[in-house]
Number of protein chains: 2
Amino acid sequence: MTRPDNQFVRAEVSELARFIGCALERAGLPAADAATVGGLMAEADLQGSDGHGVIRLPQYVKRIRAGGINVRPDIRVATEQAAMAVLDGDNGMGHLVVTRAVELAVEKARACGIGWVSVRASNHAGPASLYVRKVMQHDMVGLYFAVGNANHLPPWGGLEMLLSTNPIAVAVPAGTEPPIVLDMATTVAAYGKVKALAKRGETMPEGWMMDREGRPLLDPARAAEGFLLPIGGYKGYGLALVAGLLAGTLGGGAMGRDVVDFNQNHVTPTNTGQAILALDLKAFRDPDVFKADVDRLIRDIRNSERLPGVEHIRLPGEQSHAKRKLYSETGIPIAAALARDLDDLASDLGIEPLQLMSPVHP
Amino acid sequence: MTRPDNQFVRAEVSELARFIGCALERAGLPAADAATVGGLMAEADLQGSDGHGVIRLPQYVKRIRAGGINVRPDIRVATEQAAMAVLDGDNGMGHLVVTRAVELAVEKARACGIGWVSVRASNHAGPASLYVRKVMQHDMVGLYFAVGNANHLPPWGGLEMLLSTNPIAVAVPAGTEPPIVLDMATTVAAYGKVKALAKRGETMPEGWMMDREGRPLLDPARAAEGFLLPIGGYKGYGLALVAGLLAGTLGGGAMGRDVVDFNQNHVTPTNTGQAILALDLKAFRDPDVFKADVDRLIRDIRNSERLPGVEHIRLPGEQSHAKRKLYSETGIPIAAALARDLDDLASDLGIEPLQLMSPVHP
């Protein structure tokens, strides 16, 4: 089967979820679990988190086939108190483990006002914002910390990549305005973005990465020769470190030299650590009054005076929100090169290929 | 009385605490409260947080005298659940309100594994690290968010200073190594550091502040003409925003346009919001095993390969820790100009001046 050579093709979100689910089921996941992961991965692409969506599918399948993922995990509470728990993911897919962590954190927050769930023996779970958004749907504020699945960041002044991009995400419900959803790597760029650029054959802006001599690294295909740079120099290094301690070390997940590079090693359990915090609005204030305050703040910011040349002042999550709306209508853009990889994967797995929206060239 | 003209004089930490306590008591605080605040402010100077120590005393006294602080506050729980509370500070000194919040968060964490206390109707409380350190002393991890007491940060792309430097602090206990204590403004520089440079007559590095035309601002005496820059551009803006929502809006504290500039206005209650989170180590893992993991991580980082020209790789809090040790022995350095201001204040209040360690020039 041929694919068009134009830069992007498009797929409907439901079709993308179906395709990913089928691939994961064929790789060995139970149908319900495969559908859950497929839905979350397609949702990542839907909101423009293209470094964390279907682009990861070939790697996930490779890992599952290599025995690096437990496809029938016993995800269980290792220890808990009224307002917290440590969840052992039993080396299951991260999407499943963190989804369970979110449910538990929300339950605990309902009972105690707040709930924290640390996760260990988990795996890569895609974009942090997916999970804080799920907390938010219960009229709660969500915070999330994770240890990344490969170390790309040296300590400030160092050369050894002892830290990952360890993301931090926060979701805050609004009223009539779109919610505020911050999802940021503690590096200037997330490694997923580097991969996405490499896939598209584009170059990186200066400031994303450096080589071992401290020179700017611009070619994403040479990413393995350098390291990511933290935001704000030593401050971003400090944020990556404490995010990793909160997400990893606190619950018994891997951190520092114990982090397994899941790009190179498809077999060793990663012991990935993640942590989620849910704060139940109604325990603090009348949720409607809170949301009205957030709406007012959003409007004050959006309508405030701009620097010369700036057209819009944006709120965190605004672009993802807009993409969710746009791609729901137009379909999700997928790089043609990635679409070809997915065709190869489909043929390899013996499943129906991804159905695209736009017609194939004659 | 004359003071030496050399750049710095020195005072013992206990003497500095005594002096600040006396000044605050004379200004109207009950003796015990004045001593508590004096101790915390001197501790700020002891660890090198010189933008938040005795340098703030003249301003605090001015505010108390103007009636902008409630010297006999009824600090009370406004609402609570098992693992959280909202504390109403009744416009008392921030140091007292946040100290009470720390105690309550620790209590709740002992009972539920974690504890969150939001504070409203509080005031400026000095360096964030003081409070997460107090959580840490109970074998807990501490997190702290605060809304700064003057807006110096526009949203990314904007000119109106709708946000403050909203600090984030995290303290993580270690075993035999010094603990990890991150305390960072979400701007490249904290406003307190700008003030300290102004006091010392020094210039700012490029990248700290910009003027309204987007040009670098280097003279700290002209700080009112410009604004602070966030770390990592839009990421630091996002962090400042969510830290403010967590510390302010969630508990009913001021945020955005409601923030009172306590440098300009000494009368209006600031309704300052702060939030503290305590995570009890023993609810998660064996604290000794956790601390051994942290020690190992610290040593891996400290001893890792360095970039050419870098002499030490530091951990967050390492320099404050070193200053605590050094200044305990040598005394706390105080800019001569500030020492003169403190003499004026002492004479104005009719109290014993600050006793310095070094002899006055003949």
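**Note on the two-chain model**

1. About 140 Å³ of space lies in the largest cavity. Here a cavity is a set of points on a 1 Å grid over the protein atoms alone, where a 1.4 Å probe fits but cannot get out. Points are joined across faces, edges and corners, and the volume is the space filled by probe spheres set on them. The whole structure has seven cavities of 30 Å³ or more.

2. This is a predicted model, in which local features need pLDDT of at least 70 and side-chain atom pairs pLDDT 80 or more, while totals for chains, interfaces and linings use all residues. Residues are numbered from 1 along each chain as its sequence is written, chains are lettered from A in the order written, and side-chain values use heavy atoms, without hydrogens or water.

3. The lining of the largest cavity has 16 residues (an atom within 4 Å of a point). Nearest its centre lie A:Phe145, A:Ile168, B:Phe145, B:Ile168 and B:Leu239. β5 (140-146), β6 (168-172) and α7 (234-247) of chain A, and β5 (140-146), β6 (168-172) and α7 (234-247) of chain B, each give at least two lining residues. Helices (H or I, at least four residues) and strands (E, at least two) are DSSP runs, numbered from the N terminus. The lining is made of 16 nonpolar residues, with no polar and no charged ones. Nonpolar covers Ala, Val, Leu, Ile, Met, Phe, Trp, Tyr, Cys and Pro; charged covers Asp, Glu, Lys and Arg; the others, Gly among them, are polar.

4. Chain B superposes on chain A by a rotation of 180° with 0.0 Å of shift along the axis (RMSD 0.0 Å). The two copies are thus related as by a two-fold rotation axis. In chain B, B:Gly232 comes closest to the axis, at 2.7 Å (C-alpha).

5. Six salt bridges cross the interface of chain B and chain A (Lys or Arg side-chain nitrogen within 4 Å of an Asp or Glu carboxyl oxygen). B:Asp258 pairs with A:Arg296 at 3.1 Å.

Notes: Least-squares fit on C-alpha atoms with pLDDT ≥ 70 in both. 1 Å grid on protein atoms, 1.4 Å probe; cavity = no way out; pocket = protein on both sides within 12 Å on 5 of 7 lines; lining within 4 Å.
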